[in-house]
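Welcome! Take a moment to look over the sequence and the 3D view, and then we can walk through a few spots together.

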Amino acid sequence: MESALASIQAFTAAAFTTPDKFSQFCANGGKALGGIIGGNDFSGSMNVTFETTDPGSQEVLAAVCEMGEAEVALAVETAQQAFDTWKDVSVEERIALVRRLVDLCDRDRDVLLACEVRDGGKVSELAEGDFTQIRECAEYFSGVAQRVAMGDGPAMGVGDGVKGLTYREPWGVVAGIIPWNYPVVLTAWFMFPSLLAGNTILIKPAEDTPLSALYIAKLAAEAGFPPGVINVLPARGEITGQCIAEHPGVRYISFTGSPGVGQSILRTCDRHGTRMKREMGGNGSAIVLGDADPELVARHVGRYVNQHYGQTCCTIHRVFVDKKIADPFIDAQKAFFKNLKIGYQADAGTQLGAVVNPIQRRRILAAQEEAAARGGQAILSGGVAEVSGKDGFYLKPALFRTRPGVDCNPQEVFHTFATVCPIDSAEEALALANSSPYGLGASVWTKDIDRGFALAKQFRDGTCQINCHNSVAYGLPYGGQGISGGPGGGVNCEETFLDYTQVKAIYVADYPG
Ligand code: NAD
């Protein structure tokens, strides 16, 4: 049993060697990487570049040109012109282009893995899983695009000599604003459904991880996507992201990121009449019932708490565990966290790498201190970690014991950070789990599947799970409730595709006379 338990491990790095093709792409012949508008590289009218770094070593990977208001305007105009043709390209042709792009992603798998491992700071086990999402996402939405009827819907009689029908069409120019934590996955989740629905797109990657979107756009050009269909605007969010939100030519925005930024963009969109979908942060919970094996479940929960070092939106940060098994659960959770191998993400065996930037590190350290100030009992108090020879943003995991009424982590902490609260009943746990304003991911752990099922349905979260967490499958919506989500069907389901379309009602009456 002990060795079976030990096999439930945190996501772990294999040694990763940076491919030359990635280094050449980053070096770009000595020039900063430009934004991509209409198939051309742009250095940007602001004459500003920023550096994208490896968070585990602070090595500068590439200099990137920052796109500003003028480039947003040009990209919208270019995408609008491209839309005039792209909207009439058949679904079959769009699918063929998407397939060619996915094949090129497979060809350059190592480069895209390097984007995740080096630019994003991920361990290879997770980066490889992320990479597989490109093909899965493309195939799923190609199927949806073949099923969903665009254009004229069936006509119905609506009155004497009057018939009416629904007309479904793409929005036109659609922007995807992407966070840094899953750049390849989230670019795919935005790009494939929006393009297959017939939109032309602007991608605004996060300033910490611009490389994958820039690389994918180059592959898209090689695949034969017409210029202007895919445009990439690397830049700071508060400047260029804001310009995108303010531009009247952007008809729809798909935002993934933090609730604060999402709400501020929403206010801008509302002023301009732009539709927006929002997939935002979470503060995931897990309820462990008294019949569960505390050591086994503590290891599974530990794996999810530590997925991308806790920088995963739906991951577990709040655990509610039956009092009967709380002590052995906490002991096992502590042992799991303490044994995580902290290290450089490209070195074999690393399980807990550096967080993405110094701002995140400061926020996390403040949250660790606040958890103690709020009455949490530190089992592992966190703090800065050192990794020999690497100047990255390393932190130790944190684990706090708490009790009902003591909310140590009301906000998303985004690190390997969990509170464990012993509870008297599942109902009490459910009330505590649901007291959070977030609502992205939650799970119940029990041998009694029927009871788990009944409880899981009562979570106020977009994804509710029994004996698993962080699951994502195409065909099932992945979205948030409360401050974790906005309107729309979430991602990865047929409604996602519909979100990238609009419908009009058309009435036709006989000519009066
Ligand atoms: P963030 O909100 O700071 O930034 C997200 C994107 O918005 C970036 O591209 C950024 O440049 C841009 N941006 C920032 N300010 C802007 C502004 N004023 N106008 C327009 N754009 C602006 O988020 P982050 O720190 O990059 O990512 C982490 C967050 O994303 C976490 O909260 C995480 O939970 C969430 N997230 C959610 C999901 C989901 O599917 N629900 C998935 C991944 C990440």
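Which residues in H9 meet which residues in H10? Keep in mind as you look that this is a predicted model. On the H9 side they are Gln242, Ala245 and Glu246, and their partners in H10 are Ile265, Thr268 and His272. By type, the residues of this contact between H9 and H10 divide into two nonpolar, three polar and one charged.

To find the pair, look for H9 at residues 237-246 and H10 at residues 259-272. Their axes are 8 Å apart, and the helices pack at an angle of about 30 degrees. Because angles under 35 degrees count as roughly parallel, H9 is described as roughly parallel to H10.

## A threonine in helix H3

Next, turn to helix H3, which covers residues 69-86 and includes Thr78. Is Thr78 buried or exposed? Thr78 is buried, as its relative accessible area is 18% and the cut-off for buried is under 20%.

Leaving aside residues up to four places away in sequence, Thr78 touches Ile37, Gly38, Gly228 and Asn231.

## Cysteines without a bond

How many disulfides does the structure hold? The count is zero. For Cys26, the closest cysteine sulfur is in Cys115, and the 7.0 Å to it is too far for a bond, because a disulfide needs the two sulfur atoms within 2.5 Å. Cys115, likewise, is in no disulfide, with the sulfur of Cys26 as its nearest cysteine sulfur.

Both cysteines are tucked away from the surface: Cys26 is buried at 5% relative accessibility, and Cys115 is buried with a relative accessible area of 1%.

Technical notes. Residues are numbered from 1 along each chain as its sequence is written. This is a predicted model: local features need pLDDT of at least 70, side-chain atom pairs count only at pLDDT 80 or more; totals for chains, interfaces and linings use all residues. Side-chain values use heavy atoms; hydrogens and water are left out. Axes are lines fitted to C-alpha atoms, for helices over the stretch in contact, and angles run from 0 to 180 degrees between N-to-C directions. Helices (H or I, at least four residues) and strands (E, at least two) are DSSP runs, numbered from the N terminus. Angles under 35 degrees count as roughly parallel, over 145 as roughly antiparallel, 65 to 115 as roughly perpendicular and the rest as oblique. Contact means heavy atoms within 4.5 Å. Ala, Val, Leu, Ile, Met, Phe, Trp, Tyr, Cys and Pro count as nonpolar, Asp, Glu, Lys and Arg as charged, and the others, Gly among them, as polar. Buried means under 20% relative accessible area, exposed over 50%, partly exposed in between (1.4 Å probe, protein chains only).
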